[in-house]
Structures are given as C-alpha cells and as structure tokens.
Amino acid sequence: MIWSWAFFLNSILFGFGLAVDAFLISLSNGLNAPEIKRGKISAMAGVFALFQLIAPMIGWICVHTVARHFYLFEECVSWLALTVLCYIGIKMIVDGLCRKKTEIKKPETGIAAVFIQAVITSLDALSVGFAISEYAFLTALAGSAIIALITFGSFIGGFCLGKRYGVKLANKASVIGGIIFIFIGIEVFVSSLI
C-alpha cells in the first residue's frame, strides 16, 4: 500500500477503534483512583500503547508467514478481516447498549494489573494484522505506530475524563468504537475486491 490519505485515514480509524478499550479502562481508573500522579498515568498509557503497537505487527507477521505456506489462506484474509472486525464491532455495540453504569468495577492499577489489562485490550488488535496484510513491513509498522499514539492519547484523555465525569461516557464510547470496527471491516473487504 502506498502512503496515501487512505492509509492515514484507515490507521486513524483503526487507532480510535482499538483505543476504545484502553479509553474505558482509563476512564474507570480516573473515576476510582483520581489520586494517581501524572507520571504513573503516562507510564500506564505507554504500556497500553506498546501493546497496541506490537499486536497488529504480530497479526501482520502471522499472515505473512502463514500465507507463504498456504496460498488458499491468503485468498481468505479479506473475508477473515471482515468477519473478525464485524464480530468485534457488533460485540462492542451490544456490550455498550446492554452494560449498566454499575457494572464498571473499581480497577486495579498495579504493574501486573496494568500489563494484564494491556494484553487483554490489545487482543483485538491482532485482527488488524489481517486487515493490513497488504502493507509493506514499514508501512504496517507506521500504521501500528499511529494506533499506538492514538491509544496513548486516548488513555490519558480517558483518565482525565474519568476524574471529572466518571462512567457516563463509557457506554457511548463502546458503541462508537463498535461502529468504527464494522466500517473498517467493510472497507477492507470492499477494497480487496476492487
């Protein structure tokens, strides 16, 4: 893929779609642990961003190593990306519409808990590796870096909003993130057909 407006738009949309989980966790952290200092907030955001950088690249590498050995798999990547992204999007929308405000529990903010949260929230980023499989390595890395930067900013923004407004925004963010994922899945599928 060439460095075009479509590349940057897709990367930004992926970034916002993937950053929703980190945003929700940081929103909850901000609500329940407002005493956390800026340095720790930045470190936590950095951990989330790092995992959001690594996960799409793992997906990209998997597609490229598997596709070299199984040509049929390469033909199915766009279908797989559409299916996975739409599934994640629909799940996020349903969770956002069905979740009650009281269901967001007090988060753990220790280093082990932050790593576990970052790993769990970046699992869906593996599917982005399927969606960006046509990118060259450096382009895929640049797209992943954009996702990581958006995640970093979203985490810090979510924490600040959590301190101020609490969980009022949590369900809306999940629904918006789900819609973004469905849109990206359809776009990836349609562009593979063209």
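W60 is buried, with a relative accessible area of 10%. This is a predicted model.

W60 sits in helix α2 (residues 38-69) and F137 in helix α6, so their pairing ties together parts 77 residues apart in sequence.

## A140 in helix α6

Helix α6 spans residues 137-165 and includes A140. A140 is buried, because its relative accessibility is 0% and buried means under 20%.

Setting aside neighbours within four places in sequence, A140 contacts M57, W60, I132 and Y135. P56 is 84 residues away from A140 along the chain, yet their C-alpha atoms are separated by 8.1 Å.

## Aromatic pairs

The structure has five aromatic pairs. One of them joins F7 and F8 edge-to-face, with 4.9 Å centre to centre and 70° between the planes. F7 is buried at 0% relative accessible area. F8 is partly exposed at 38%. Together with Y135, F7 and F8 form one aromatic cluster.

## Helix α4

Helix α4 covers residues 111-122, 12 residues in total. From first C-alpha to last it reaches 16 Å, close to the expected 16 Å.

Its buried residues are A113, V114, Q117, A118, T121 and S122. Seen down the axis of α4, they fall within an arc of 155°, so they line one face of the helix. The face turned away from that buried side carries the exposed residues A112, I116 and I120.

Technical notes
Residues are numbered from 1 along each chain as its sequence is written. This is a predicted model: local features need pLDDT of at least 70, side-chain atom pairs count only at pLDDT 80 or more; totals for chains, interfaces and linings use all residues. Side-chain values use heavy atoms; hydrogens and water are left out. Helices (H or I, at least four residues) and strands (E, at least two) are DSSP runs, numbered from the N terminus. The expected span of a helix is 1.5 Å times one less than its number of residues. Buried means under 20% relative accessible area, exposed over 50%, partly exposed in between (1.4 Å probe, protein chains only). The arc is that of the directions from the helix axis to the C-beta atoms. Contact means heavy atoms within 4.5 Å. Rings of Phe, Tyr and Trp (its six-membered ring) pair if their centres lie within 6.5 Å; planes under 30 degrees apart count as stacked, over 60 as edge-to-face and the rest as tilted.
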